[in-house]
Amino acid sequence: MSDIPHDIGDQLKTIQAGLLEGEQVIAVYDAKDAGTGFIGLTDMRVILQDESYVGGRVALTSIPYNGIHAVSLVANKSFLGGYVEASTVSVVISGHTYEVELRGHDKAQHVHDVVLYYSARH
């Protein structure tokens, strides 16, 4: 069993199969929203499986950390004025924003923190 945080074994295997020499997987989390299958984090990049292409096509999109302009935790404001825990992460690159709804606040926080850490280092 892998000690890499992940939701679905096949998604982890997909990321591992495409690693560059010396690249290490940090985590792979399943997405709840339609269009994004999962988000993978390595020590070099963010990898998104994008299922929103016409004709049933799927893309694995790699975003190097040095290309990321911003990362956000996105929460809905409750009717009482407070905020619910965020389970969505937004990654902004030049001209595009990717939003991924994850299965829980802890996973969203982990993705946010990893992206922030690695993008600040580049």
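Two aromatic rings, of Phe, Tyr or Trp, count as a pair when their centres lie within 6.5 Å. I begin with that definition because a pair of aromatic rings is described by the distance of the centres and the angle of the planes. The structure before you is a predicted model.

Let me first speak of confidence. The mean pLDDT of the protein is 88, and 89% of its residues reach 70 or more. Confidence is lowest in strand 7, at a mean of 91, and highest in strand 1, residues 25-30, at 97.

I turn now to the aromatic pairs. How many does a search of the whole structure find? The search finds 2 aromatic pairs. In one of them, Tyr 65 and Tyr 118 are stacked, with 5.2 Å from centre to centre and 25° between the planes. This pair links distant parts of the chain: Tyr 65 belongs to the loop between strand 4 (59-64) and strand 5, whereas Tyr 118 lies in helix 2, 53 residues apart. Tyr 117 and Tyr 118 also form a pair, here edge-to-face, at 5.0 Å centre to centre and with 90° between the planes. Together, Tyr 65, Tyr 117 and Tyr 118 form one aromatic cluster.

Is Tyr 118 buried or exposed? Its relative accessibility is 17%, so Tyr 118 counts as buried, the cut-off being under 20%. Tyr 65 is buried as well. Tyr 117, by contrast, is partly exposed, with a relative accessible area of 45%.

Strand 5 is joined to strand 6, residues 88-93, by 6 bridges. Within this pairing, Leu 73 has Val 89 as its bridge partner, and Ala 70 stands opposite Val 92. On the strand 7 side, strand 6 again pairs in the antiparallel sense over 6 bridges, and there Val 92 stands opposite Thr 97. Strands 6 and 7 form a hairpin with 2 residues between them, and Gly 95 in the turn has a positive phi of about 80°.

Why is strand 6 described as largely enclosed by the rest of the structure? The reason is that 5 of its 6 residues are buried.

Notes: Residues are numbered from 1 along each chain as its sequence is written. This is a predicted model: local features need pLDDT of at least 70, side-chain atom pairs count only at pLDDT 80 or more; totals for chains, interfaces and linings use all residues. Side-chain values use heavy atoms; hydrogens and water are left out. Two strands pair if DSSP finds at least two bridges between them. Helices (H or I, at least four residues) and strands (E, at least two) are DSSP runs, numbered from the N terminus. pLDDT is the predictor's confidence in each residue, from 0 to 100. Buried means under 20% relative accessible area, exposed over 50%, partly exposed in between (1.4 Å probe, protein chains only). Rings of Phe, Tyr and Trp (its six-membered ring) pair if their centres lie within 6.5 Å; planes under 30 degrees apart count as stacked, over 60 as edge-to-face and the rest as tilted.
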